[in-house]
Amino acid sequence: MGEGTGRGPGRRSGLSPLDGPLRFLLLSSFLIPLGSFMVLPFMSVFLHERLGMGLGTVGVVLAVASLVQFSGGIAGGALADRIGLRRTMLWALIVRTAGFVGLLMALRWPPLAVAALILTCCGAALYLPANKAYLVHGVEEERRPAYLSAGNAALNAGMAMGPLIAGPFVLSSPGWLFVSVTALFVVVTAGHARLPSTASEQPPTAGAPRQGLLAGVALLPFAANALAFYLYFHFQHFLALYAVEQASTAIYSAVLLLCFALVIVVQPLASGLINRMPYGLALAVGFTGLAAGLAVLAIGTRPALLAGGALITLGDIVLFLKNDLEALHRSPRSDAVVFGQQRLAAGLGACASGVLGGQLYGLGERAGDTGSFWLLAAAQCLLLPPLLLTLRRRVASAARPTRLRRRSTAAP
């Protein structure tokens, strides 16, 4: 697992000193979501009000785009394994920049908007596994949590600031907004072209067998990541409907800002503790935090919305980071492929949450009791993880006799 380093030996502590490529990569981890979230959170409004699409069509388009952006990461990891991290990031940014150019052109030719949106999501899917793998290549095992946490903090900071900057302009001046975002991506793409190569930039050995996209997958971290995203996206998909109904759009915005701030501040500080935590304990802490936060949301008051969002975020800080670290530790594949496999798990979980969660929220809405939706989600946080671990133990127990039989057959 892993790749050769282009930066020399791993650092002894913290994130300093950071060399130029790492500083640029962390800056890019802020600028890319900043530019993307100046546009993407408003796509439902833009497609419906500016381009006149029906809400049903808008929903289908956004569902497909989300699935591509998450699950397409497995293709991004495989591509990085084949052509290298820097080249993959560069091509991903070119694709994404073309998508934003397409959104600008869609102001004059609206049918182009859907293809342009999918293109930006394809670029995101290709970019993130290579970005995270480049960030940690050549870094010692105990240092990886700090680097991944710094990247996540930069990512969340950009996601938080993008909508605040673009909100006043997305409907009044979308043309200038799309031009600005496109220009930002052109600059970031040019910077990536100057990044130094890693060992993975070398062409693959002639005749080397190609492994499948899921070969070497770390099953428990993969399944746990899918489950974590499935449960978390109950909050992500349906909080807006619930918060506006119970309180106001201002409270909804405050909850989101609180969640972003917690990831930015807490995860880097807690990364070492999360890394040292036994995997079973991390799963227990993370899913318990999720359960507590979802249950608190059912109260429906403004303090409960803020407290519930905070508890959910703290649980996910543990789950998302620990699942990635555990997958890197258990899988024999390259870092980029592992990150791509984990993104596939995230996409499957998020998609399942949208499909099943939407049905359950609709039932609660028709019954006049949307609070029960959050209690049901909280119950799943307590019931599903033990079931996952039980199934994993049974699979391992069933596989053990098979391995023993193979060894006895092979013995002289």
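Gln380 is in contact (heavy atoms within 4.5 Å) with Tyr230, Leu231, His234, Leu360 and Pro385, leaving aside its neighbours within four places in sequence. This is a predicted model, where local features need pLDDT of at least 70, side-chain atom pairs count only at pLDDT 80 or more, and totals for chains, interfaces and linings use all residues. Residues are numbered from 1 along each chain as its sequence is written, and side-chain values use heavy atoms, with hydrogens and water left out.

Gln380 sits in helix H14 (residues 371-410). Helices are DSSP runs of H or I, at least four residues, numbered from the N terminus. Gln380 counts as buried because its relative accessibility is 14%. Buried means under 20% relative accessible area (1.4 Å probe, protein chains only).

Now the aromatic rings. The structure holds 13 aromatic pairs. Rings of Phe, Tyr and Trp (its six-membered ring) pair if their centres lie within 6.5 Å; planes under 30 degrees apart count as stacked, over 60 as edge-to-face and the rest as tilted. Two of the pairs are in the table.

| Pair | Type | Centre to centre | Between planes |
|---|---|---|---|
| Phe100 and Phe185 | tilted | 4.9 Å | 35° |
| Tyr361 and Phe373 | edge-to-face | 5.1 Å | 80° |

Phe100 lies in helix H5 (residues 85-105) and Phe185 in helix H8 (residues 174-192), 85 residues apart. Phe100 is buried at 0% relative accessibility. Phe185 is buried at 1%.

Tyr361 belongs to helix H13 (residues 335-367) and Phe373 to helix H14, 12 residues apart. Tyr361 is buried, with a relative accessible area of 3%. Phe373 is buried at 3% relative accessibility.

Ring pairs also link Phe70, Phe229, Tyr232, Phe233, Phe235 and Phe320 into a cluster.

Definitions and conventions: Helix = DSSP H or I, 4+ residues; strand = E, 2+ residues; numbered from the N terminus. Buried < 20%, exposed > 50% of the residue type's maximum accessible area, 1.4 Å probe, protein only.
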